[in-house]
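Have a look at the model first, then go through the points below.

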There are 2 protein chains.
Amino acid sequence: MRDTRPYHHGDLRRTLLAAAAEAITESGPAALSLRDLARRAGVSHAAPAHHFGDKAGLLTALAAEGFGLLADELDRTRAAGGGVLEAGVGYVRFAVGHRAHFSVMFQPELLNRTDPGLGAAQDRASDALRAAVASVQEPQRRGADTRIAGLSAWSIVHGFATLWVSGALPDDLGSDPEAAARQVIRPLFAPG
Amino acid sequence: MRDTRPYHHGDLRRTLLAAAAEAITESGPAALSLRDLARRAGVSHAAPAHHFGDKAGLLTALAAEGFGLLADELDRTRAAGGGVLEAGVGYVRFAVGHRAHFSVMFQPELLNRTDPGLGAAQDRASDALRAAVASVQEPQRRGADTRIAGLSAWSIVHGFATLWVSGALPDDLGSDPEAAARQVIRPLFAPG
DNA sequence: CTCCAATCTTGTCGGTGTCAAGTTAGCAGC
DNA sequence: GCTGCTAACTTGACACCGACAAGATTGGAG
């Protein structure tokens, strides 16, 4: 599919990204080791640097992939006819289902902020977010413009997702993140 | 003030925590180096390990300090007669004013989750949060019990704070985090 | 004055990120 | 079919880091 095809290994770049996601899901981005990834993939310790230049480069690629996956998720709920609330649930579904990507996407000090691929992926996700918010035709409360409403929605959803994956939320919320998210974020979208 | 007083250095434990906060504010927790902290404090490279045992131990102490500072902030706004909204603004004020603490408090893979000091500090902050939410006497919307309402408030405030410190929010929000927070979180507390 | 325990130092080990230089392998052009 | 080119990967090295063990220093209790 890609115009640049793998030569020796097969698909080292993709393999490394997948291994990184797995490792980060287990122990977080801080514990990630390029040499360990290389070992898992069966290549030399310096092979990763060739594809990503840098540890930050690898994490940047992972973050960009994450923003793409998030945009996909939002587009999907939109295509399914879901409103803002369902988009929010989709946001949470993404965060929980792609913990590694999510945990890297909003830690800019781990990334190459100037990477063009990252910027493009962020823009795609931003557009998808904006589209989800704009899909609410009727202004649900007086004077609140859609820009602030969008930031409110993003905040509550992002906050819930962050708290959930960090394990900070009380246990009595149950083990289904989507159901819990629906309960918690509904108050913002369905005022009395 | 403390019963365990410093011997040789002066107040190495406190000095290291302050240096750590500064370093993390500059470049994030991942880039933190115990040896660099030791250099800044003018002690040997192994000195930090004596006080915190571990890198995770140092970050745990910092996180515990953070939960204490957050509880202080919430108690302060409560004492000043502020309601839930002002407590939320206080939460954001804390996150922005103590970036380093905040960025460590919700990354459990960096911490010793079983540390008793951390647990105690978390409990204090939890109580302060609960108190801030409970201070709203009138249920502002039908059927929404205060437990869910509290989680909603926590989510939107935590989400906004996280997005703000990560620089993910659009620039046109201005440079005053508290004013922006008031705008963004108000929709949850003041429904039409 | 003695002794103890907390504080801090010195030395060392395996592991890691990164750079430089060399090696391999696919492919294009003659 | 051979040559040369370039991307993919390896090998080797260096400085840095976290952690551990053992020793030195110091303040204070008895």
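Start inside chain A, where A:Val84, A:Gly88, A:Tyr91, A:Val92, A:Ala95 and A:Val96 of H5(A) meet A:Ala153, A:Val157, A:Phe160, A:Ala161, A:Trp164 and A:Val165 of H8(A). Sorted by class, the residues of that contact come out as 11 nonpolar, 1 polar and no charged. Keep in mind that this is a predicted model.

**How the two helices pack**

- H5 covers residues 84–97 of chain A and H8 covers residues 146–165 of chain A; their axes sit 9 Å apart, at an angle of about 30°.
- Angles under 35 degrees count as roughly parallel, so H5(A) and H8(A) are roughly parallel to each other.
- As for handedness, H5(A) passes H8(A) in a right-handed crossing.

**How the chains are related**

**What makes up the contact between the chains**

- Chain A puts in 35 residues, and chain B puts in 35 residues.
- On the side of chain A that touches chain B, the elements giving two or more residues are H8 and helix H9 (177–189) of chain A.
- H8(A) supplies the largest share of that side, 13 residues.
- By class, this side of chain A has 20 nonpolar, 12 polar and 3 charged residues.

Terms used:
Residues numbered from 1 in each chain as written. Chains lettered and ligands numbered in written order. Predicted model: local features only at pLDDT ≥ 70, side-chain atom pairs only at ≥ 80, totals over all residues. Axes fitted to C-alpha atoms, helices over the stretch in contact; angles between N-to-C directions. Helix = DSSP H or I, 4+ residues; strand = E, 2+ residues; numbered from the N terminus. Parallel < 35°, antiparallel > 145°, perpendicular 65-115°, else oblique. Left-handed = near helix turned anticlockwise from the far one by under 90°. Contact = placed C-beta atoms within 7 Å. Nonpolar A, V, L, I, M, F, W, Y, C, P; charged D, E, K, R; others polar.
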